[in-house]
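Please study the structure shown below, then work through each solution in order.

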Amino acid sequence: MYGLVNRAVEQLVEQHLGPTGWARVCKQAGIADDGFVAISAYPDQMTYKLVGAVSQEMGMSPEQVLEAFGEYWIMYTAEEGYADLLQTAGTSLREFLGNLDQMHSRIETVFAQMVAPVFSVEDEGPGRYVLLYQSQREGLAPMVVGLVKGLAKRFDQPIAIEQLPSRAGFAGVFRIQEA
Amino acid sequence: MIHLTEAELAQAFPFYLALNPEGQIYKAGVSLCKAFPSLAAGQYFEDCFAIVRPKVATVQELAAQHDVALVVQARQQGALRLRGNILVRAEGLLLLLSPVLTSSEEMQAAGLGMGDFAFHDASGDMLLMHRTNQMSLADANRLASRLRNKSKQLDTVMRLSPDGLAYFGADGVLNYANPSFQRLLGLSTEQLDHLQRRDFEVWLQTAQVPACPSLAQMLDTHLPLHLSFNVPYRRVIELQGATADEEGGVVLYLRDITAEVEANRLKTEFLTMAAHELRTPLASIRGFSELLVSRPVPAAMQQDMLATINRQSVNMTELIEDLLSLSKLDELTRDKLKLANHDLRELLEMAVSSSFAGADDFLVTRDYQVEQCLVQVDRHVMLKLFSSLFSNVIKFSPEHKQVDLQLRPQMRGDAAGVLLSIRDHGIGMKPEQLEHAFERFYRADHSGHQPGTGLGLAMSKDIVRLHAGDIALDSRPAAGVTVSIWLPQSSSAVSACPTEHCY
């Protein structure tokens, strides 16, 4: 993962637990608490260890941590660095999700080694659609829930999201119902 | 031949500009119009934009320069620059432009967003790259700042550490040594300057006794080395080392273990001597008791034997009691003492009364040059000290039975204190005896004529030290012994007043 992701985990932890909390998380994860450089690539294992340590430190399950992180990512991290890009991807949640791959194509220019997930949308009816998520990484489906919730807040669109039984070739299938 | 519809052209080149042969604008891309809302058909290009490149004065001249890059600058709208190609067509010039932007802020100032660029236009990507680089630079600066802070913290820790630390880089040159490293090895700053590892090894071999294995051996075996130095003072240093990094740099760690080694040596010596001192009376007891058990012994001889057994068992009891006292003293720390303010004169008098009770022929003189002498001491422990010292006085003064006690004020630096002298007129000690007098089990008289354990003065020294004082001996053969004890006075003590109290 790129340093941008690990740095977002750091910011999320510092927001809740302060710098000493972050130092404890790093100690538990067995990594230095010096920080991360956004454009540097770090081993995926480091991010997984961090999530595990945050889970213990905050008394949350890893799934809850990933969901909280997904929401934080949209609300703060992406907003901080790539608000312009987010704006181009749509003016509603549905439009944004449909344009996600297009946005990732831009991001891949900057983060050349990025292995971005692939998203597609199947409409089921007005304000009701299914988000299909494919990824080479395992166990990050809860983060998608957080990302969608964060986007819904960004577009000020109340939604309900449920994870459906997965389909072959997909890491997660989610039904989104707009209120 | 590829033809584009107007919509396709607008999608592919959202910043295009179409000019008629007179140089008037008659069409413009949607994104260009967004950046220049006042742009209108019929306006002359040169009224809106200045041609930066190529170096031509009029739009008409551009037609002849269609194979070069075109750079224009808006006369308004923040002087936004655009760059692109010139296409010469029958209906005029078609300028395929794109804004020259170096940051997201500039893009926003121009009223543009990422969606205003064609997908093939890398301008947006460049801005993202620029933004990411800015973020990464901030991250790197933050990281460097944290590392600098950590470095400072570590530097402080290492500077204050009583243990020595040094780092030899992969090139074999000393990169860092903390003050303790220099102090423990007794090296000068000049010696440390650009010190090579191989020179350091040579120095180690010559400076320490006995010779130690090489550093390389130590790094291989991971076993610490013990270095013994005699100059400038005797000390034992434990040296450990480890490879510090992938380049092959080496960290050396030094710890002064002189006290530990000395404590171990004393412990072994003490156990050996204690065993020896116990074995001597025990052998006597066992020998005589075996004789008494195994064969008939005349009554008179029997009485002698029993008396010897009794005397030796008393000696053993005394020795064991002294050993127990010593053991308690070893465990005793200043905070465990029952300290209270006592008048040293009263304590002395109590000890004199009990110690000289059976020695009526002893003359005790007093020269107390202090009116009241408050010291903060453990009464019980202090009485034990005086009792032990008076016992020696009696033991080693067979003829001239006199002891002179003197108390006088004495400053030690800024600390007010009192000096107690106990001077006897007994057999005294030789200089070589004096040298070992405070050692445990040391007995000046090895003949066995004088009973004793050889622990009295060692315990006296411990007791005085526990009370933050010091003790010294002065003696010459046949001229008696003077024991001088200095103790700090309590802060509430009354100031000294020279008064003669001689009896």
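**Exercise 1.** Determine how helix 3 of chain A and helix 6 of chain A cross in this predicted model.

*Solution.* Two packed helices are described by the angle between their axes and the distance between the axes. Step one: the axes of helix 3 and helix 6 (residues 141-154) of chain A come within 7 Å. Step two: these axes cross at roughly 50 degrees. Helix 3 of chain A is therefore oblique to helix 6 of chain A, since roughly parallel requires an angle under 35 degrees and roughly perpendicular one of 65 to 115. Step three: the crossing of helix 3 of chain A past helix 6 of chain A is right-handed. Step four: the contact of the two helices contains twelve nonpolar, four polar and seven charged residues.

**Exercise 2.** Describe the largest cavity and its lining.

*Solution.* Step one: three cavities of 30 Å³ or more are found in the whole structure. The largest cavity holds about 50 Å³ of space. Step two: its lining includes M1(A), V5(A), Y48(A), F69(A) and M143(A). Step three: helix 2 (44-58) and helix 3 (62-88) of chain A each provide at least two lining residues. The largest share, three residues, belongs to helix 2 of chain A. Step four: by class, eight lining residues are nonpolar, one is polar and none is charged.

**Exercise 3.** State the domains assigned to chain B and the separation of domain 1 from domain 2.

*Solution.* Step one: the domain assignment of chain B lists domain 1 (6-121), domain 2 (161-256), domain 3 (262-331) and domain 4 (334-488). Step two: the C-alpha centres of domain 1 and domain 2 of chain B are 71 Å apart.

How values were computed. Residues numbered from 1 in each chain as written. Chains lettered and ligands numbered in written order. Predicted model: local features only at pLDDT ≥ 70, side-chain atom pairs only at ≥ 80, totals over all residues. Heavy atoms only, no water. Domains from an automatic or database assignment. 1 Å grid on protein atoms, 1.4 Å probe; cavity = no way out; pocket = protein on both sides within 12 Å on 5 of 7 lines; lining within 4 Å. Points joined across faces, edges and corners; volume = space filled by probe spheres on them. Helix = DSSP H or I, 4+ residues; strand = E, 2+ residues; numbered from the N terminus. Nonpolar A, V, L, I, M, F, W, Y, C, P; charged D, E, K, R; others polar. Axes fitted to C-alpha atoms, helices over the stretch in contact; angles between N-to-C directions. Parallel < 35°, antiparallel > 145°, perpendicular 65-115°, else oblique. Left-handed = near helix turned anticlockwise from the far one by under 90°.
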